[in-house]
Amino acid sequence: MIQHFIKTVIIFLFLTLFQLTVIPLISIYNVVPDLLLILVVIYSLKYGQLKGTVFGFLVGLFFDLFSGGLLGSAMFSKTLAGFVAGYFHKEEFEEIFSNLILFISILFISALIDSLFYAILGSAEVELNFILLIFTNGVFPAVYTALFGLAYSLFVRKK
């Protein structure tokens, strides 16, 4: 149990550092993938809705503290994404992960919810066009995150 906890904390710290330093360099029109969300979704699918929700809360809290952003915006959005991804939890985790379309769909839905709520809560500017807000701050980051999740499931997870 302690070994699992330490491994999860090390992965979280590495992904946070990578998310804050390297990922902005590969942004496309200020749209970046959310690696921490991929971790939250995988954790929620593996351990269930309650643990995924708490894990999303903790990941969001520490991301807000490390990034210097508005405290509570990532915390709420990651909690909500962990809650939604936890709905798809099965005892046999590999069954979900082996179905690539199902995993990417769950990741896309969770990323859409995460990025929309993060944009609404964390943005200092008010967007007047709701459709533009949905696409620029919701759909595009969700697609980018789902592509990174696809790459993870194809290349890293298969090994």
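Guide: Start with the contacts. A contact means heavy atoms within 4.5 Å. Take the contacts in the protein chain between residues at least 6 apart in sequence: 68% of them join residues at least 24 apart. Some ground rules come next. This is a predicted model, where local features need pLDDT of at least 70, side-chain atom pairs count only at pLDDT 80 or more, and totals for chains, interfaces and linings use all residues. Residues are numbered from 1 along each chain as its sequence is written, and side-chain values use heavy atoms, with hydrogens and water left out.

Now the overall build. The protein chain has seven helices and zero strands. Helices (H or I, at least four residues) and strands (E, at least two) are DSSP runs, numbered from the N terminus. The radius of gyration of the protein chain is 15 Å, close to the 15 Å that the globule rule gives for 159 residues, so the chain is as compact as a globular protein of that length. That radius is taken over C-alpha atoms, and the globule rule is 2.2 Å times the number of residues to the power 0.38. Along its principal axes, the C-alpha trace spans about 45 × 30 × 30 Å. Of the 159 residues, 40% count as buried. Buried means under 20% relative accessible area, exposed over 50%, and partly exposed in between (1.4 Å probe, protein chains only).

Zoom in on Gln19. Gln19 sits in helix α1, residues 2-21. Gln19 is buried, with a relative accessible area of 8%. What does the side chain of Gln19 reach? The backbone oxygen of Pro33, at 2.9 Å. Leaving out residues up to four places away in sequence, Gln19 touches Pro24, Val32, Pro33, Asp34, Leu35, Leu36 and Phe63.

Follow the chain into the loop between α1 and α2 (35-47), where Tyr29 lies. Tyr29 has a positive phi of about 50°, although it is not a glycine. Tyr29 counts as exposed, at 79% relative accessibility. Asn30 lies in the loop between α1 and α2 as well. Asn30 is not a glycine either, yet its phi is positive, about 65°. Asn30 is exposed too, at 74%.

Return to Phe63, one of the residues that Gln19 touches. Lys78 lies over the face of Phe63, at 5.9 Å from the ring centre. A charge sits over a ring if NZ of Lys or CZ of Arg is within 6 Å of the ring centre and within 35 degrees of the ring normal.

Rings also meet rings. The structure holds ten aromatic pairs. Rings of Phe, Tyr and Trp (its six-membered ring) pair if their centres lie within 6.5 Å; planes under 30 degrees apart count as stacked, over 60 as edge-to-face and the rest as tilted. Ring pairs link Phe12, Phe62 and Phe66 into a cluster.

Terms used:
A polar contact is a pair of N or O atoms within 3.5 Å; within protein, one must be able to donate a hydrogen and the other to accept it, and residues adjacent in sequence count only if both atoms are side-chain atoms.
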